[in-house]
Structures are given as C-alpha cells and as structure tokens.
Amino acid sequence: ATLAHASRRVFVTVEEISDTDFFASEQTAPGALPAFYVDGIAEAPGGAWPCGLTGHAAPDGAALAEYARAAKTAEGFAAWLERHLTVA
C-alpha cells in the first residue's frame, strides 16, 4: 500500500478476478489494496511463476535457481527475460 500511495498510477496483476471482500477477513486484509489506489487490473494466470502462489502453484525451484544464476549479470538477466517472459 505504501508503494501504491507513492505512485502516480497503479496497475496490478492477479491470478484470477473474484468477487471477494478481502477486507472482511483478518487473514487477507493486510495484503489487500484499496480500490482507490488501483488504476487498472489484469488477470494473469500463472503470473507469480516461478515464485508460486499459495493455493494455485508451488514454487518452481529449478526455475528459481536458473534465475538466480542468470541474474548475476545484466546480460544473463536480459537473456532470462527473453527466454521466459516475452509477450507473444
């Protein structure tokens, strides 16, 4: 919320869009961002990869290790992005 408050525009990605009041639960409220901070939302199934997301996907340990090796240099990081995160 602090970063959203400090930003001019805020766009978020979510695993799925649901009609859920995250502020109604003490467990989910701390991670919820009030709508007045958000300029746009994009549904991105699998978007947490390779980190995983509780209830959706486990972390991909092999991919995280590959990322850690690649991110040691700017060139390696760029190559990793090209291999894994290019938009078709």
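The notes below go from the pocket to a pair of helices and then to the aromatic rings.

This is a predicted model, in which local features need pLDDT of at least 70 and side-chain atom pairs count only at pLDDT 80 or more, while totals for chains, interfaces and linings use all residues. Residues are numbered from 1 along each chain as its sequence is written, and side-chain values use heavy atoms, with hydrogens and water left out.

**The largest pocket**

- The largest pocket has a volume of about 940 Å³. On a 1 Å grid over the protein atoms alone, a pocket is an open set of points where a 1.4 Å probe fits, with protein on both sides within 12 Å along at least five of seven lines; the volume is the space filled by probe spheres set on the points, which are joined across faces, edges and corners.
- It is lined by 24 residues, and T13, V14, E16, F22 and G31 are the closest to its centre. Lining residues have an atom within 4 Å of a point.
- Strand β1 (residues 11-14) gives the most to this lining, with three residues. Strands (E, at least two residues) and helices (H or I, at least four) are DSSP runs, numbered from the N terminus.
- The lining has 14 nonpolar, seven polar and three charged residues. Here Ala, Val, Leu, Ile, Met, Phe, Trp, Tyr, Cys and Pro count as nonpolar, Asp, Glu, Lys and Arg as charged, and the others, Gly among them, as polar.

**Two helices in contact**

- Helix α2 (residues 61-70) packs with helix α3 (residues 74-84) at an angle of about 145 degrees, their axes 8 Å apart. Axes are lines fitted to C-alpha atoms over the stretch in contact, and angles run from 0 to 180 degrees between N-to-C directions.
- A63, E66, Y67 and A70 of α2 meet G76, F77, W80, R83 and H84 of α3, where contact means heavy atoms within 4.5 Å.

**Aromatic rings**

- The whole structure holds four aromatic pairs. Rings of Phe, Tyr and Trp (its six-membered ring) pair if their centres lie within 6.5 Å; planes under 30 degrees apart count as stacked, over 60 as edge-to-face and the rest as tilted.
- W49 and W80 are stacked, at 5.9 Å centre to centre and 5 degrees between the planes.
- W80 is buried at 3% relative accessible area, whereas W49 is partly exposed at 36%. Buried means under 20%, exposed over 50% and partly exposed in between (1.4 Å probe, protein chains only).
- Y67 and W80 form an edge-to-face pair, 4.9 Å centre to centre with 75 degrees between the planes.
- W49, Y67, F77 and W80 form one aromatic cluster.
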